[in-house]
Each structure stands twice: as structure tokens, then as C-alpha cells.
Amino acid sequence: MDLRGEVAEAIRQGAKYLFSNQLSNSSWYADLEASPSTLSDYVTLCRVLNVDLRSKKDSIVQYYCERQNPNGSWSSAFESEGATVSSTAEVFLSLRILGLSSCSPSLSKAGKYILRQGGLSSSSVHLLTRIKCAMFGLVSWNAIPTIPAELVLLPSQLPLLLDTSSTWRRSVWIPLLVIYHHRPVFPLPNETIQNARMSIESLKPSGFDHPPRRLPSLDVLKKHGIGFKSFFLVARDFLFRIYENHKVEFLREHARRKCIDWILEHEEDVENLKSSDAVSSMLYTAVAMTLEASCVDSTQVQKKIEALHSCCWPWDEDSSDCRIRPSVLSVWDTALASFSLLECGWDPEDGRVDRALRWLLDRRLQLKDGDWKPQLTSEGCHKRYPDVDITAAVLLCLLKHESYAATGSVPIERAVRWCTRVQNSDGGWAASNAENGCLFHNATHSASGRSTPDVTGHVLEALGLYLKSEASKDHSKSLRKRAYNACQRGIICLRLSQDAQGLWFGRGDAHCIYGTMNALCGLASLGFRGPEFVVTRALRWLRRSQNGDGGWGEHGNSTPSQTAWALMGLLNYVPAEDSVIEHGIRWLLNSPKHSDCRSLEFAVPISGTCRRCSWNECHLYMYSRLCRHYYPMIVLGRFMQLRFSSAVTS
């Protein structure tokens, strides 16, 4: 079979696989798997709320033991060779909560690894991890930077305030203000109390009842070096500690009350909690509500318990293994699966595709302007936190479908208007928040408020397609001009954010192939076709990054998703007959089509940073299982159109 026939057959098989996984409501939803810290949040929350875990204990222990590295550590990303002391500390805490002895082989090796990295109180341990350990007495609360509750009362104009941080960060840190005030120490299970002190002493060089002898400022300088950021962090903690020792009681009580009011105001019903964006936000919210029991109705805590049970689901129907669903991305998966079919030339009138697009239209949030979010209605909608990346994906899908580009003119118009409204002042777009790019906040947690090249490129691709579509002709001239001006500002943002090597980083400063692909697709959608220096450097970097087998992989081995991303970026500017393109296409055709193995190919960094693909610094990753299918289908469809001027139809 020639290359054209092989590509056409691969597209047909890929479409068959996608349709076989389409749900009864015509949507697509792939299981998400998160890094070990998410399961640790689940175990910790169960202990705080006294939820019985005995039926799941064996499967959770087995899950952790199978993923432990030979040196006793656990990695924060799938199949990552490196390890983090934060992930190891969180798993260590989980296993202690589950009743494992500190003398067990797994915990013994983990304890030695943590000690070699400086202990649990070291600044190399993520702050949220240290707080969780302090809640169970493994770390002294004196080793935690001071976070007074009065922060919630300060004017919003100050840059260190929570108002300048990302949405997800607020949902975690406002409850932490209450928790730090109480500084609780929850007991470990009864069967481990006798050995708890020995385990704690072995992991705390400073002793059980004393703060760390090492000055916090030394840890800060060691981690960040000498500079303004280190000075700011040291000075901030010094001033906060002075205030904490001389706090005004009525102000503290008022601040705590305001924190609880914020938590209750942003509380969702049980159905929405079932698909919470992160179990960690549930953890700290539930702890804060428990500590402030006099101010909170007990039914609110009961909602958390119900939502907690819904987050646990098995690997498959015949397995007792356990993992956590950290989020629901049904709109994202449905949009990209439908878009991949349309890019392959699939019949737009196919009932399965048509119903999927109707499902997407029904999921638009009823905001002032149009927006889509991955959690919706029974799938769990957080109406206060709309999503830019999801909206761009759905917009591309609707614009690709010609009939919907006309009949769905109103939703498209509102989505375009909303995208231009949430553009940041630097010209870029963030994942879910506009103008929440305070680096002091986002560098330590979720950077969903800071402009990122991958989201910026994705939105530019959607707006570029909109400006060339028939749908835009039915809209006002002012909206088209508004979209055009937003694109010009976005181009400037991409120019300034390009790395010296020619690449663009993705969200969390990871996945440079993904970020570069989105940036190139966005620029190509707006007509950048000449020998633009920005584009030339990116293409040169992608060519250099190709592996000998023809695929791409940021961490050595080629993966389907990363190979597809690189090819999507190259096909915008490189002829389909180019040997680099053909070599990559042949690797995709020969790669395992439906393998269910986990890999780093789309482990999305949610908190922390992974600058220059250093996967060890990020705190939380999520792995999507459908990405390795619809991205290759998109690139195969585009290759067919460019190389053979044909498409595979149903």
C-alpha cells in the first residue's frame, strides 16, 4: 500500500476508534490520570473527614508501590526519570495515614531519600506539601511561612494580594488562611501512633517539638539566589511573623469570617463538586470548614464527603485498583475529537458529528459573553471560572463546520467577543483568567492568570479562522475590527515570548513542542507566510528536535502526541513533500495506535514551573488519554489535504 493509502486507512481506523468511544450523549470524555499528589490529597482529606478507607487501602498501597522509583522516591510526572522530594513526601504521608509501618521497605527507602534531600522542612519541599505534613505533625508549623488571615482584608491594588492571583490559587489559599490561624495537628491512625514519633524524628533533623534551626532566609537565597524576589520573600515573611506575634484579635476574627463567607459563597452543589477542578481545593476547603465548625452548617461538610466519594473511580470494571478523577474535560475532548474528524474531511452531516456539535452548543455558559468550560451542568460547572483554551477549541470546531458557522452565528459572535474581552494587557491570553499574572503568586502555584504562548497561539488560530470565515461577514464591522486588533497585539506577545532557541514554551513553561505548535498555527492562521525571522527560528528548532526514528519527544523517546504537534507546526510552512514531514508521518503510521500506556506526551503541568522541560519542579500534572488519538488524526488529515489534495470521507 502506498503512502496515500496508508494515511487514509489510518484515518479510517482512528475515526472508528473515536466513534467507538463516543458516549451515549454524543460527547467524548477521556479518563484523566493525575500525578501521585492528587491521590495524596484524597487520602489526606479522607483522614481529616474520618472517611473509612479500609476497602481501598490495598489498591492505593499497590498503586503507590508500583510507581516507586528504585531510589525510594516518586516522580511528579508519568514515566519521568527524575523525582521530587515533594511528591515523595506526599506519598510518604499518605502511606503513613493508611497505616504502613515506617519500617516497611517502601517507607524506609522513601525516608532515606527525603533525608538526603534535606528533610521535610527544607525549602525544596513544595509549600503545600509542607502544610499537609504540618497538619499531621510531620513538620513543625514554625517551618511554614507566615500567612496571616488579614491578607484577605488588604486593598486589592497591592500586588501580593490574592486578587492578583489565579482563580484556582484563590480556591486553595483562602482556606489556607484559616488553617494557618488554627495550625491543627490531626492524629495518625491508631495503629500507627506508637511508631509515629520515631518516623517523624527520622525525617526532621531539627527535632519533633522545635522549629528548624536553619534560617528560612538561607533556604530562600539557596532556591532563588540573590535578587529582588529573594529580598521580597524574606522581607514579607519577616513582617508577617512580627504581625502574627502582635495580631489584633478583632481584625483576625473579622478576616476569618470573611474567608469563610468567601468559601461558602463559592460553594457549589453536590453535582458540581463531583467534578471539582482539583481535589486539593476540596481538601483545604473541607479542613477550613471543619475548623470553623461554629460558622459552617454541617450539611456543607457533608457535601464535601459526597463529592469526595464521587472522585474515586476504578481503572476498569474488572479491576479493584484506584485512582482519582482530578477534573472533567468532556467539552475539551468533544471539541478536539470533532475537530479532528472535520480536519480529516469527515462528512459534516454525519449524525454522530452533528450531535456532538449540538452537544457543545448546549454547553455554552450563559455569561455576558460566550464561553465554554470543561465542567458543565451534570458534568460539573464552575460558572465563575470560564476557560479561554476550551472556548478557543470549540470556536475552531464550530468554524470548521460550515453549516454551524452560519446557523451558529450568535454563539460564535459571543465567543469571539468574550475572547477579545479577556485578552491580557501584554497582548496574550491566559488559561482561565485575565490580568491575574502576578509572578510572586503564580510562580508558586497555578499560573492560569499569566499569558502563555500555547493559549495565545490557540486563540489567534481561532480568531484568524473567524476573520476568514463566512460567519464574520454577518457580524458588525466593529467586532471584526476588534478581533483584528486583538490578533495584532497577540502577534506582538508571541514575538516577545519566543525563546532564544526559537521555541515557545507551553503552560507551566513545559511542553515546548506544544507551545511552538500553537504559536505557529496561530501565526499561520493570520497569514504569516514569508521568511519571517520569528517563524524561521521556530522551524529550525523543530527540525533539529526530530529524533532519529522520525518522531518527536521532549524527553527522549518519541510519542504520538508530541510528534503530531511538531508536524502540525511544520505543515503550516514546510511543503508536505519535505523529507522531515514524510519521516514523521511514517513514524505516526507505524506507532501503536491504541496503546493505553501512560507517558509524558500530554502530562499537563497545573502548578509550579517546569522551565526548559525540567519536569521535577512542577507540583501537579494531569494526563489525558485521548490526546494521543485526536492530535495525530488532525495532522494526518492536514497532510492528506496538502500532499494529495484529498480527504477521507465517511
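1. Let me start with Thr 146, which counts as buried because its relative accessibility is 4%, under the 20% cut-off. Please keep in mind that this is a predicted model.

2. Where does Thr 146 sit? You will find Thr 146 in the loop between α6 (127-135) and α7 (167-182). Leaving out residues up to four places away in sequence, Thr 146 touches Tyr 180, Asp 237, Phe 240, Arg 241 and Glu 244.

3. Next, a helix pair. The axes of α16 (residues 351-362) and α18 (residues 388-400) come within 11 Å and cross at roughly 135 degrees, which means that α16 is oblique to α18. The crossing of α16 and α18 is left-handed.

4. Which residues meet where α16 and α18 are in contact? From α16 come Leu 357, Leu 360 and Leu 361, and they meet Val 394, Cys 397 and Leu 398 of α18. The residues of this contact divide into six nonpolar, no polar and no charged.

5. Now for the cores. The largest nonpolar core has 102 residues, of which Val 7, Trp 332, Leu 341, Trp 429, Leu 523, Ile 585 and Tyr 631 touch the most other members. Helix α18 gives the most to this core, with 10 residues. In soluble globular proteins, nonpolar side chains tend to be buried together.

6. Val 7 deserves a look of its own: setting aside neighbours within four places in sequence, Val 7 is in contact with Ile 585, Leu 589, Leu 636, Phe 639 and Met 640.

7. Finally, there is a second, separate core of 67 residues, including Val 51, Val 61, Ile 131 and Trp 262.

How values were computed: Residues are numbered from 1 along each chain as its sequence is written. This is a predicted model: local features need pLDDT of at least 70, side-chain atom pairs count only at pLDDT 80 or more; totals for chains, interfaces and linings use all residues. Side-chain values use heavy atoms; hydrogens and water are left out. Axes are lines fitted to C-alpha atoms, for helices over the stretch in contact, and angles run from 0 to 180 degrees between N-to-C directions. Helices (H or I, at least four residues) and strands (E, at least two) are DSSP runs, numbered from the N terminus. Angles under 35 degrees count as roughly parallel, over 145 as roughly antiparallel, 65 to 115 as roughly perpendicular and the rest as oblique. A crossing is left-handed if the near helix is turned anticlockwise from the far one by less than a right angle, and right-handed if clockwise. Contact means heavy atoms within 4.5 Å. Ala, Val, Leu, Ile, Met, Phe, Trp, Tyr, Cys and Pro count as nonpolar, Asp, Glu, Lys and Arg as charged, and the others, Gly among them, as polar. Buried means under 20% relative accessible area, exposed over 50%, partly exposed in between (1.4 Å probe, protein chains only). A nonpolar core is a set of buried Ala, Val, Leu, Ile, Met, Phe, Trp, Tyr and Cys residues joined through side-chain atoms within 4.5 Å.
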